Amino acid sequence: MSEIRFDGRVAVITGAGGGLGKTYAIELARRGAQVVVNDLGGAADGSGKSHSMADVTVNEIVAAGGHAVANYDSVATPQGGEAIIKSALDNFGRVDVVINNAGILRDKSFAKLEPQDLEIVLDVHLKGAFYVSQPAFRAMKEQGYGRFLFTASAAGIFGNFGQANYGAAKMGLVGLSNVLAVEGAKNNIKSNVIAPIARTRLTEDLLGPMASALEPSTVTPLVCFLVSEACELTHEVFSVGGGRFARVFVGLTPGWFAGKGKTVAAEDVQAHLGEIMEEKNYIVPKSIGDEMRIIAKDLMG
Ligand code: NAI
């Protein structure tokens, strides 16, 4: 198996001043990538900003003989997203990889969440990834190559107490990635998602005795593969952490078809719940078209 390399490739990694993003930046640079290390440099709740976090990562890469520049813009505005991608184009002439990783937390139970807790979390995670990815997507389309990685969370995919804002934003990223996978297909642009589990400043109080086994570096190998030229996968989601790598997917069960033109009552639905819920013979649709074909088969024969 040949070594996965990023020579001649340019990677933008948001939130790469610490935690998971820092490990991605260092590993991609070690494998030859030129890296834009973006980090706003604020606190875990999204307040404040500084240059120091991005600078630390860049200094480490440069000291090891790699190529990196710092960017301190917030992902959370269209101007910030444009500026982050412009930094890649101005400094390195292209953008091949975007790892949307920047993130914050404003956890509260649903009944206690304030509108501003929703807004800032959607701004950074969901809109931020959109704002960074759109100018990158345009450049990738032109060059006929691109790799996107989005960072979701089990909190959204599976659900978690106290994270309605975060869970909604994170699941939104799965939708964003799926659409980029569909739209990018003809230009060799792949888009995938990870739901990591790692000990960082966002989670250090939550992981208990498992924390020491959940180093951010245990997430890095999957990320490195997914954003490489060797990766042919697209439209996928993975759970990763502590040495475990697993696929997460949205399946569509064969379901129950009432029959063309049949009038269905609520009681009929209740009576057929077994068939509707049955997980045997599910498919994993790669686009809306896969579902439409099934509906068409039922309706048109
Ligand atoms: P972290 O706090 O160490 O890293 C997040 C980075 O994003 C920080 O360096 C922060 O300064 C930066 N950032 C925050 N807002 C920004 C903005 N507006 N613009 C640019 N940079 C900004 O935490 P961690 O754990 O490394 O998080 C990385 C990603 O992984 C986040 O999206 C997080 O939600 C996600 N995640 C992490 C999990 C874990 O177990 N650590 C679990 C599930 C998801």
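This is a predicted model: local features need pLDDT of at least 70, side-chain atom pairs count only at pLDDT 80 or more; totals for chains, interfaces and linings use all residues.
User: Which residue forms a salt bridge with lysine 108?

Analyst: Numbering starts from 1 along each chain as its sequence is written, and side-chain values use heavy atoms, leaving out hydrogens and water. A salt bridge is a side-chain nitrogen of Lys or Arg within 4 Å of a carboxyl oxygen of Asp or Glu. With its closest N and O atoms 2.7 Å apart, the pair joins lysine 108 to aspartate 117.

User: Is aspartate 117 buried or exposed?

Analyst: Relative accessible area, taken with a 1.4 Å probe on protein chains only, decides this: under 20% is buried, over 50% is exposed, and in between is partly exposed. Lysine 108, at 32%, counts as partly exposed. Aspartate 117 has a relative accessibility of 3%, so it counts as buried.

User: Where in the chain does arginine 247 sit, given its salt bridge with glutamate 236?

Analyst: The side chains of arginine 247 and glutamate 236 meet at 2.9 Å, N to O. This pair links distant parts of the chain, 11 residues apart, with glutamate 236 in strand S7 (residues 236-241) and arginine 247 in strand S8 (residues 244-248). Strands (E, at least two residues) and helices (H or I, at least four) are DSSP runs, numbered from the N terminus. The place asked for is strand S8.

User: Where does lysine 286, the partner of glutamate 236, lie?

Analyst: Glutamate 236 is buried, at a relative accessible area of 8%. Its pair with lysine 286 spans 50 residues, from strand S7 to the loop between helix H9 (273-277) and helix H10 (288-300). The side chains of the two meet at 3.0 Å, N to O. Lysine 286 therefore lies partly exposed, at 34%, in the loop between helix H9 and helix H10.

User: How many salt bridges cross the interface of domain 1 and domain 2?

Analyst: An automatic or database domain assignment sets the bounds, giving domain 1 (10-248) and domain 2 (251-301). The structure as a whole holds 17 salt bridges. Across this interface the rule finds one.

User: How much area do domain 1 and domain 2 bury between them?

Analyst: The C-alpha centres of the two domains are 36 Å apart. Five residues of domain 1 are in contact (heavy atoms within 4.5 Å) with four residues of domain 2. Buried area is the accessible area (1.4 Å probe) that two parts lose on being put together, summed over both. Carbon and sulfur atoms carry 44% of the total, which is about 300 Å².

User: Which three residues supply 82% of the area that domain 1 buries against domain 2?

Analyst: Here we look at the domain 1 side of the interface. More than any other three residues, the suppliers of that 82% are Val182, His235 and Arg247.

User: How far is glycine 46 from valine 121 in space?

Analyst: Glycine 46 sits in the loop between strand S2 (34-38) and helix H2 (52-63), and at 24% relative accessibility it counts as partly exposed. Leaving aside residues up to four places away in sequence, glycine 46 touches Ile104 and Ile120. Glycine 46 and valine 121 are 75 residues apart in sequence, and their C-alpha to C-alpha distance is 8.5 Å.
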